[in-house]
Amino acid sequence: MDFPLPPPEKLIFLHRRSDGVAYVIINRPKSLNSLTRSMMVDLAKAFKDLSADDSVRVIIFSGSGRAFCSGVDLTAAEEVFKGNLDPEIDPVLQMERCKKPIIGAINGFAVTAGFELALACDLLIASKDTKFLDTHARFGIFPSWGLSQKLARIIGVNRAREASYAAVPINGEQAMMWGLVNHLVDGSEVLKKAQQVAEAIMKNNQDMVLRYKAVINDGLKLDLGQALALEKERAHAYYDRMTKEQFKNMQEFIAGRSSTKKQSKL
């Protein structure tokens with residue numbers, strides 16, 4: 001893969017590939033990628049910039065060394081936690097606002113704030129030695145990046161309660177079984193698998209991928225009836241804007257794909 005090693009001085013490393021994939025890497029491996037306030041600012045800026053960059057189609061988010069992210073650096077806890085975090089420098093909020101699909105490549109520990117960063121991704125690829133751990137209750141930290149709400153919606157309320165109340169880790173195998181991660185691979189294969197998933201996404205209509213992400217994420221904030229109405233509303237608006245030429249191109253594209261499949265079977 002066309003991916004340079006992050007320089008040590010870059011604690012948040014951003015790399016754009018020529019094929020439309022961008023990498024965001026938390027690069028503080030000696031501290032298990034724990035976050036300082038300045039790193040949070042840089043992380044938020046990276047996702048905001050990538051969302052606005054038309055050359056970027058998919059984002060892969062990972063960490064250097066043996067952790068994805070071990071949470072906030074508690075030596076700077078007061079600086080990080082006190083007061084409302086400006087939305088412009090809130091990394092989770094900027095990830096949620098990001099128009100591009102975000103693939104989390106989770107290698108090793110994803111702890112507390114790191115767990116919340118993982119939950120802000122659209123898809124997760126995890127190594128077999130990954131451990132997701134919520135230590136908010138252990139250290140008297142109130143969750144503010146969504147863990148108390150998102151985890152229960154993904155793995156079920158009772159499982160999430162135990163994970164959070166008792167601060168017990170969710171290992172890679174459990175995460176896969178419970179639907180928290182999409183793929184579980186050997187540690188050396190995490191970025192490779194993430195790239196494969198990114199390439200599969202990029203084979204599709206880019207505009208529709210972005211619209212699909214938006215309608216899924218917006219729909220998740222609503223009850224099912226409202227979400228179905230939202231989908232229908234956006235579908236009608238989409239088709240109403242299409243010209244006769246666009247419909248013709250769609251039909252020709254589908255016919256061409258069908259013909260190719262038939263020939264491949266001969």
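Me: How many residues does helix α10 have, and what length does it reach from its first C-alpha to its last?
Reply: This is a predicted model. In it, helix α10 runs over residues 206-219. At 1.5 Å a residue, 20 Å is expected, and the helix comes close to that. The values are 14 residues and 20 Å.

Me: Which residue has a side-chain oxygen close to the backbone nitrogen of D207 at the start of α10?
Reply: The backbone nitrogen of D207 is approached at the start of the helix by an oxygen from a side chain. That oxygen comes to within 3.1 Å of the nitrogen. The residue that supplies it is N205.

Me: Which residues of α10 are buried?
Reply: Buried residues are those under 20% relative accessible area. What covers them in α10 includes α3 (91-97), β5 (102-106), α9 (190-202) and α11 (224-241). The buried residues of α10 are Q206, V209, K213, V215 and G219.

Me: Is K213 buried or exposed?
Reply: K213 is part of helix α10. Its relative accessibility is 10%, and the cut-off for buried is under 20%. Therefore K213 counts as buried.

Me: With which side chain does the side chain of K213 make a polar contact?
Reply: Leaving out residues up to four places away in sequence, K213 touches M95, C98, K99, K100, P101, I102 and D122. The side chain of K213 reaches the backbone oxygen of C98 at 2.9 Å. It also makes a polar contact at 2.8 Å with a side chain, that of D122.

Me: How far apart in space are L210 and K244, C-alpha to C-alpha?
Reply: Along the sequence, L210 and K244 are 34 residues apart. In space the separation is taken between their C-alpha atoms. It comes to 23 Å.

Me: Which element gives the most residues to the lining of the largest pocket?
Reply: The largest pocket has a volume of about 1,100 Å³ and is lined by 32 residues. The elements that give two or more residues to this lining are α3, α4 (113-119), β7 (123-127), α6 (147-155) and α10. With eight residues, the one that gives the most is α10.

Me: Which residues lie nearest the centre of the largest pocket, and how many of its lining residues are charged?
Reply: Nearest the centre lie L119, C121, D122, N217 and L220. By class, the lining has 19 nonpolar and four polar residues. The charged residues in the lining number nine.

Me: Which residues are closest to the centre of the second largest pocket?
Reply: The second largest pocket holds about 820 Å³ of space. Its lining consists of 24 residues, and the closest to the centre are N205, M208, Y238, Y239 and M250.

Me: Which elements give two or more residues to the lining of the second largest pocket?
Reply: By class, this lining divides into 13 nonpolar, four polar and seven charged residues. The elements that give two or more residues to it are α10, α11 and α12 (244-265).

Me: Is M95 buried or exposed?
Reply: M95 is in helix α3. Beyond its neighbours within four places in sequence, M95 is in contact with F47, F61, I102, L117, A120, C121 and K213. Its relative accessibility is 1%, so M95 counts as buried.

Me: Where is N33, and what is its phi?
Reply: N33 is found in the loop between β2 (21-26) and α1 (37-52). At 0% relative accessibility, N33 counts as buried. Its phi is positive, in a residue other than glycine, and is near 60°.

Me: What is phi of T112 near?
Reply: T112 sits in the loop between β6 (109-111) and α4. Its relative accessible area is 8%, so T112 is buried. Phi of T112 is positive, again in a residue other than glycine, and is near 50°.

Key: Residues numbered from 1 in each chain as written. Predicted model: local features only at pLDDT ≥ 70, side-chain atom pairs only at ≥ 80, totals over all residues. Heavy atoms only, no water. Helix = DSSP H or I, 4+ residues; strand = E, 2+ residues; numbered from the N terminus. Expected span 1.5 Å × (residues − 1). Buried < 20%, exposed > 50% of the residue type's maximum accessible area, 1.4 Å probe, protein only. Contact = heavy atoms within 4.5 Å. Polar contact = N/O pair within 3.5 Å; in protein donor to acceptor, adjacent residues only side chain to side chain. 1 Å grid on protein atoms, 1.4 Å probe; cavity = no way out; pocket = protein on both sides within 12 Å on 5 of 7 lines; lining within 4 Å. Points joined across faces, edges and corners; volume = space filled by probe spheres on them. Nonpolar A, V, L, I, M, F, W, Y, C, P; charged D, E, K, R; others polar.
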